Amino acid sequence: MRTIIFILIGILTLSIKLQAQTLDIAVDMQAQLNVRTDIEQAMWVWNTLNIVYDVDNEKEKFFLFCHNHPGFRDIATSSFSQRPINRLFFDANGFLLGGSEEWRSLRSFLREAHEQGIMVDYLDGDVAWITQGNKEPIRIMDSLVKFNATGDSIERFDGFQFDVEPYLLPGWGTDALWEQYFGFMSEIHNFVENHPVKIRFGCTIPRWYYATIGGEHLKQIYRLVDYTAIMDYVNDEPRLILDPTEEIALADSMKVRVYIGIETGKNFLPTLSFHDKGWLALQHAVNTLNSHFLFYKNYAGVSIHYNSAYEALMRTNRSIDVVAQWTETHKLDSTAFLPVDMNLVIVHDPMTDMKILARTVRRAQTNGGDYEQRIVLSTVELVDKGPVYNLFYALDTLHRHIALGDEHFYKYPGMNTTDLLEYLSDETQTRISVDAQAGFDGFVVDMKSVMAIERTLSVPNAENTVVDLLEQAKAQYVLHSPLFSAMLVVRVEDGFLQRLDKLHYQEFMTLVNGVILDVDNVDIAQYIKYGVKVLSTGHTDAAHDRIVLLDYIASFRPL
């Protein structure tokens with residue numbers, strides 16, 4: 001009997017595991033097949049004057065960004081999250097309250113947006129509305145419904161969002177202020193409900209409402225709106241998911257559409273915005289949020305705050321995107337200044353004295369002054385040449401003895417390709433530790449020489465193995481860096497990307513910040529597409545299997 005019970009328990013456990021695996025597969029398949037076609041990619045848009053009036057082609061540039069934002073340049077983002085910006089929360093107060101010319105320009109913008117598949121909600125708000133009466137917001141609402149009623153359907157707003165934040169007022173947390181806020185929201189709701197021209201009504205809320213004011217107060221607001229945008233302004237992925245979970249679950253139960261807002265502005269605490277992390281980390285967060293909240297039926301998607309800050313994001317926290325001219329040197333001379341216009345310096349032979357090295361690196365980064373920093377990178381050999389040469393000698397000896405028919409041939413003890421080429425050696429890890437602690441901004445790897453070694457040793461899937469080594473090296477650099485970050489530049493051979501499997505291709509594109517290529521490298525378009533900086537297309541010196549740059553200086557020209 002006991003045996004039968006154990007068998008049944010085992011079958012039940014297996015069934016649960018299979019169901020969990022099936023669910024994981026289902027989530028992934030739904031994400032890949034875009035089953036949730038109603039998931040949106042939204043963006044708050046402020047300072048819209050030049051966009052609407054198309055000053056210096058700003059309107060065209062804006063729409064181009066909406067269809068080609070950084071999400072399309074992140075190779076690690078799933079196809080589910082690689083979608084154009086298709087909803088705008090659009091600041092248009094000056095146009096809506098203006099005259100016929102302003103209305104005509106605004107209608108033209110809305111027509112073009114809708115023709116490109118972009119929905120537009122009117123955006124406005126002032127915390128003073130709560131305490132100063134509803135005269136101004138009602139005037140705005142009256143203009144909005146008249147604007148929509150008198151234009152063609154393609155020239156109307158799709159909804160409106162009021163960004164009114166009561167917690168900015170003195171007295172937040174008191175019943176009196178909450179009643180004022182609730183009264184204000186109720187009047188706007190009643191205006192919308194009683195007007196013959198219906199329009200979608202939304203509001204913004206912070207990620208901590210449920211935890212501070214409680215579910216019952218939040219329900220009061222949800223009953224008044226069609227959707228809400230949660231200002232989930234943190235840049236830590238676990239908190240991005242955890243903090244708004246109660247707000248999202250409650251909204252879903254009440255059939256209120258909900259967006260999750262992410263901050264990209266720079267005038268915020270470092271934990272609140274992705275400004276200092278870059279668009280690569282931002283897109284990873286967007287992908288994580290979409291995957292996590294996929295099965296909340298009223299989850300509407302992510303909204304980025306805000307357009308100009310998002311457009312200005314670098315790829316990573318200290319991005320190599322800014323590099324215009326760069327140089328290489330074999331030693332850093334602590335007494336010599338580098339040309340001011342050199343944005344990046346690659347050092348081939350860093351000194352080993354930590355104090356002197358750190359001081360010299362800092363001097364090179366600032367050129368002896370306090371102005372904008374220059375990027376300074378060290379060079380790292382992924383594979384130690386000494387042990388490799390020993391291994392070459394052992395293999396050569398082995399082959400000669402085999403050729404002579406010697407059954408007792410010599411074999412170099414304790415050495416194999418797995419030890420050398422799958423894990424960083426102690427010497428390499430020490431070098432990385434020293435350079436990172438000295439303040440280098442990152443490192444350069446000559447992958448061409450590594451690939452030559454791996455092919456000589458007939459390592460299977462050599463390109464994938466090299467990417468694994470790169471991942472280990474960058475993790476070590478980040479671990480020891482005072483800034484917990486590292487830029488990675490690689491010298492890479494023609495066609496390298498085409499020989500990677502899908503997983504390592506994604507990993508490689510996420511790891512590297514810049515590449516130095518041969519002339520006519522077939523992979524160049526892919527690097528550019530995914531935001532990897534192409535520093536130079538140099539000339540190959542076949543004898544040394546490395547890039548030779550005239551006078552060690554190359555000027556980057558945008559491709």
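The following is a conversation about how terms are applied to a predicted model.

Colleague: What should I know about the model before we start?
Modeller: The model is predicted, so local features need pLDDT of at least 70, side-chain atom pairs count only at pLDDT 80 or more, and totals for chains, interfaces and linings use all residues. Residues are numbered from 1 along each chain as its sequence is written, and side-chain values use heavy atoms, with hydrogens and water left out.

Colleague: How many helices and strands does the protein chain have?
Modeller: There are 22 helices and 17 strands. Helices (H or I, at least four residues) and strands (E, at least two) are DSSP runs, numbered from the N terminus.

Colleague: Why is Cys203 called buried?
Modeller: Buried means under 20% relative accessible area, exposed over 50%, and partly exposed in between (1.4 Å probe, protein chains only). Cys203 has 1% relative accessibility, so it counts as buried. Cys66, at 0%, counts as buried too. In the protein chain, buried residues make up 48% of the 559 residues.

Colleague: How many disulfides does the structure hold?
Modeller: It holds 0 disulfides. A disulfide is a pair of cysteine sulfur atoms within 2.5 Å.

Colleague: Why is Thr288 called partly exposed?
Modeller: Its relative accessibility is 21%, and therefore Thr288 counts as partly exposed. Thr288 is found in helix H13, residues 279-292.

Colleague: Which residues does Thr288 contact, leaving aside its neighbours within four places in sequence?
Modeller: Thr288 is in contact with Glu237 and Ile241, where contact means heavy atoms within 4.5 Å. Pro238 is 50 residues from Thr288 along the chain, and their C-alpha atoms are separated by 9.5 Å.

Colleague: What makes the pair of Thr288 and Glu237 side chains a polar contact?
Modeller: A polar contact is a pair of N or O atoms within 3.5 Å; within protein, one must be able to donate a hydrogen and the other to accept it, and residues adjacent in sequence count only if both atoms are side-chain atoms. The side chains of Thr288 and Glu237 make such a contact at 3.0 Å.

Colleague: Which strands form the closed barrel?
Modeller: The closed barrel has 8 strands, in the order E1-E2-E3-E4-E5-E6-E7-E8, with parallel pairing. Neighbouring strands of this sheet are turned by 25 degrees against each other on average, direction ignored. Axes are lines fitted to C-alpha atoms, for helices over the stretch in contact, and angles run from 0 to 180 degrees between N-to-C directions. H13 packs on the sheet, touching E1, E7 and E8, and its direction makes about 165 degrees with that of E8.

Colleague: How do you know that E5 and E6 pair?
Modeller: Two strands pair if DSSP finds at least two bridges between them. E5 (residues 200-206) and E6 (residues 227-231) have 5 bridges, in the parallel sense. Cys203 stands opposite Thr228 in E6, and the bridge partner of Pro206 is Met231. On to E7, E6 also pairs in the parallel sense over 5 bridges, with Ile230 opposite Ile260.

Colleague: Why is E6 called largely enclosed by the rest of the structure?
Modeller: The reason is that 5 of the 5 residues of E6 are buried. Tyr227, Ala229 and Met231 point one way, while Thr228 and Ile230 point the other way. In a regular strand the side chains alternate between the two faces of the sheet.
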